Amino acid sequence: MGYRPPNMSAHLQITTPLNRLEIVASPGFVARSVLAGRDLCEAATMWRLCWTLSWLDIKLRYRGSVLGPFWLTLSTAIMIGSMGFLYAALFHMDLHVYLPFLALSIVLWNFLNLLVSDSCVCFTSSEAMIRSVRMPFTLYGGRVVLRNLLVLAHNIVVIIAVDLLLQINPGRVGLLAIPAFMLWLVVALALAMLLGAMCARFRDIPPIIGSVMQMAFFVSAIIWRPEQLKEQEYLLVFNPFYTLLEIVRGPLMGEVPSLYVYVSALTFSFGLILLSWLIFSRVRGRIAFWV
Amino acid sequence: MTVELFCENVHLDFPLYHGTARSLKKTVFHSVTGRMSADSRQRVVVQALRDISFRLQPGDRLGLVGRNGAGKSTLLRTLAGIYEPQGGRVRIHGSLNALLDPNLGMNPELTGRENITLRGQYHKLNPSAIRRLADDVAAFADLGDFIDLPVRIFSSGMVVRLGFALATAIRPQVLLMDEWFLAGDANFLEKARSRLEDLVRGAEILVLSTHVPAVIHEWCTRVMWLDQGRIIADGPADEVMDAYLAAPNN
C-alpha cells in the first residue's frame with residue numbers, strides 16, 4: 001500500500017474559475033433586494049448541482065429497494081384505488097367520473113402537501129452544507145422544488161394509467177394546465193424560501209403548517225367534488241388551496257376554471273411571491289446563523 | 001484582476017438561540033404585550049467580531065492566533081462568505097477555497113464518488129474535470145473500490161483521508177484553512193504533507209487559524225492575534241508570536 005507522491009502536473013489542472021466575492025453589510029431595502037437577486041442568479045448558474053442534489057435525494061430515499069422510486073407510484077395507485085371505490089359508494093357517484101377526478105386530485109395534492117412540508121426543512125436539513133460552504137440560498141429552494149417534481153413525475157404514471165383505462169381525454173383545454181403549472185413552480189420556489197427561512201428561525205412553525213395542511217386537505221375539494229357544495233360553491237373561491245389546485249386540475253379534466261378561480265389563484269400567488277421576496281431579502285444574511 | 005482579500009470594519013454579532021427564543025408563539029406574545037426586552041427574549045448575542053480591518057495581497061500568509069472563542073473560526077467563516085457581517089465589508093478577488101470543517105458538508109449516506117461529484121459541481125467544474133477530480137481523490141485517499149460505497153461505512157481514517165484529499169484537490173488563489181487540517185494520524189500526515197505544501201504554495205493568499213506556534217513559524221509570514229473578537233496585534237509573524245506567547249494564559 002505504498003503511496004506515490006502526488007503527480008504535481010495532474011494536481012495543478014483542477015482549478016476553480018475566478019470569482020469576486022463582495023459582502024457589504026447593507027441596510028436598506030434596495031441594497032438587500034439586489035443581494036437577494038444576486039443570490040437567485042447565482043443559484044441559476046449552479047443548476048447542475050441543484051439537479052444532482054435533488055436526484056441524489058430521491059435515489060437515497062429508495063436506495064436498496066427493488067422498485068426504487070416506483071414505490072411511490074405503487075402506493076399512490078393503491079391509495080387512489082381503495083379511496084376511489086369507497087368514496088364513489090359513499091357519495092353515490094359513478095366510478096367512471098369519480099376515479100379520474102380523485103386520481104388527479106390526490107396526485108396534485110400530494111405534490112403540494114409534500115412540497116410544503118419539505119419547504120419547512122428547506123434550510124434546516126442542509127445545515128451542514130450551509131455552515132461549511134457559501135452557496136446561494138435559492139439553490140436549496142430549487143432543490144426542494146426539483147425533488148418534489150421528480151416525485152410528481154413518478155406519480156403522474158397513475159393519472160395516465162387511470163385516464164387510459166377509462167379512456168378519458170381532456171382535449172385541447174388540457175393545455176391550459178401548462179401555464180398554470182409554470183405558476184405553481186414559481187410559487188413553489190417562493191414558498192420554499194419563505195417557509196424555509198421562517199421555520200429555521202422559529203422552530204414551532206412546522207407543526208402549525210402541518211395542521212393547516214391537514215385542514216386544507218378536507219376543505220379544498222380534493223376527495224369531494226366542488227358541485228357537491230351546491231349554492232355554497234362560490235365560497236371555494238376564497239380558499240387559495242382550492243383555486244391553485246383548480247387552475248391545474250380543471251383543464252386536465254377538460255373544464256375551464258371560472259375567471260374568479262383564476263383571479264383568486266393569481267392574487268394569492270403574487271401575494272405569496274411578494275411576501276417571500278420581502279422576507280427572504282431581509283433575512284438572507286441571517287439564515288446561516290439560524291440553521 | 002489582482003488577487004486580494006480586504007476587510008474593513010467588520011462587525012459580527014452571533015445570536016445564540018435557545019429555549020423560548022426559538023418559539024414564534026413566545027415571540028409574538030412578548031411583542032404584543034410590550035414586554036419585549038433583551039432578557040425576556042432570552043436571546044444571547046455574542047460579539048463575535050469587532051472592528052476587523054486588514055488587507056492581504058498576493059504572497060501574504062496570515063496566521064490567526066488566539067484562545068478558544070477569540071473569533072478565529074468565525075473570522076474564517078466570514079471571509080468564506082458563510083456568515084455575513086452586520087457591519088463593514090469583506091472583499092475577495094480570486095478563486096476561494098475554505099477548508100473549515102473536516103467533512104466539508106459531505107453527506108455520509110452518499111458514496112465517495114457522489115460526494116466528489118457534488119463538490120466538483122459546486123466549483124462549477126465540467127464533467128471531465130469532475131472525473132479527473134474523482135481519480136485524483138481516490139488515488140490519494142487510497143480508497144480503492146470503497147469510492148462507490150456510502151461514506152457512512154468508511155473507517156474513520158478513510159473519512160479523514162477522503163475529506164482531506166477532496167478539500168486539497170481543488171487549487172484556489174485564496175486559501176482559508178482551519179487548524180484541524182494539520183491534525184491526523186502521523187502516517188497520514190507524512191503523505192498529506194507534500195500535497196498540502198503544494199496547495200499552500202499554489203495559493204497566492206493563505207489565512208490559517210491555529211493554536212500551535214510551530215505551525216505558524218513554518219507557514220506564516222504575518223500573524224494576527226485575536227481576543228474576544230478584536231485584533232490585539234497584527235504584524236510580522238515573529239514579533240506578534242513573541243508578544244502572544246509572553247502574554248499570560250496563552
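Biologist: How do strands β6 and β7 of chain B pair, parallel or antiparallel, and over how many bridges?
Modeller: In this predicted model, where local features need pLDDT of at least 70, side-chain atom pairs count only at pLDDT 80 or more, and totals for chains, interfaces and linings use all residues, strand β6 (residues 174-177) and strand β7 (residues 205-209) of chain B pair in the parallel sense over 4 bridges. Residues are numbered from 1 along each chain as its sequence is written, while chains are lettered from A and ligands numbered from 1 in the order in which they are written. Strands here are DSSP runs of E with at least two residues, helices are runs of H or I with at least four residues, both numbered from the N terminus, and two strands pair if DSSP finds at least two bridges between them.

Biologist: Which residue in β7(B) stands opposite Leu175(B)?
Modeller: That is Leu206(B).

Biologist: And what is the strand order of the sheet with β5 to β9 of chain B in it?
Modeller: The order is β5-β6-β7-β3-β8-β9 in chain B, an open sheet of 6 strands with mixed pairing. Its edge strands, each pairing on one side only, are β5 (96-99) and β9 (230-236) of chain B. Neighbouring strands of this sheet are turned by 15° against each other on average, direction ignored, with axes taken as lines fitted to C-alpha atoms, for helices over the stretch in contact, and angles running from 0 to 180 degrees between N-to-C directions.

Biologist: Which helix packs on that sheet?
Modeller: Helix α9 (residues 237-246) of chain B does, touching β3 (61-65), β8 (222-227) and β9 of chain B, and its direction makes about 135° with that of β9(B). Contact means that the C-beta atoms of two residues, placed from the backbone, lie within 7 Å.

Biologist: Switching to the other sheet, which strands are in the open sheet of 4 strands?
Modeller: The order is β1(A)-β4(B)-β1(B)-β2(B), with antiparallel pairing, and the edge strands are β1 of chain A and β2 (44-56) of chain B. Between the chains, β1(A) and strand β4 (residues 87-93) of chain B pair over 5 bridges in the antiparallel sense, with His93(B) as the bridge partner of Arg20(A). Within chain B, 6 bridges join strand β1 (residues 4-16) to β4(B), again antiparallel; among the pairs there, Phe6(B) is partnered with Arg91(B) and Cys7(B) with Val90(B).

Biologist: How many residues does each chain give to the contact between A and B?
Modeller: Chain A gives 40 residues and chain B gives 54. The largest share of the chain A side, 6 residues, comes from α3(A), and that side divides into 25 nonpolar, 8 polar and 7 charged residues. In that classing Ala, Val, Leu, Ile, Met, Phe, Trp, Tyr, Cys and Pro count as nonpolar, Asp, Glu, Lys and Arg as charged, and the others, Gly among them, as polar.

Biologist: Which residues touch the most other members of the largest nonpolar core?
Modeller: Val137(B) and Leu176(B) do, in a core of 136 residues, and helix α8 (residues 177-201) of chain A gives the largest share, 16 residues. Such a core is a set of buried Ala, Val, Leu, Ile, Met, Phe, Trp, Tyr and Cys residues joined through C-beta atoms within 7 Å.

Biologist: Why does this core lie between the two domains of chain B?
Modeller: Domain 1 (4-95 + 172-246) and domain 2 (104-170) of chain B both give residues to the core, so it lies between them; the domain bounds come from an automatic or database domain assignment.

Biologist: What does Leu176(B) touch, beyond residues up to four places away in sequence?
Modeller: Leu176(B) touches Leu76(B), Leu79(B), Ala80(B), Ala98(B), Leu99(B) and Val207(B).

Biologist: Last one, over in chain A: is Leu115(A) buried or exposed?
Modeller: Leu115(A) is buried, because 22 other C-beta atoms lie within 10 Å; the cut-off for buried is 20 or more, exposed is 12 or fewer, and partly exposed is in between, with C-beta atoms placed from the backbone. Leu115(A) lies in helix α5 (residues 95-120) of chain A and, leaving aside neighbours within four places in sequence, is in contact with Asn148(A), Ala188(A) and Leu191(A). From Leu115(A) to Ala188(A) the C-alpha to C-alpha distance is 7.3 Å, although they are 73 residues apart in sequence.
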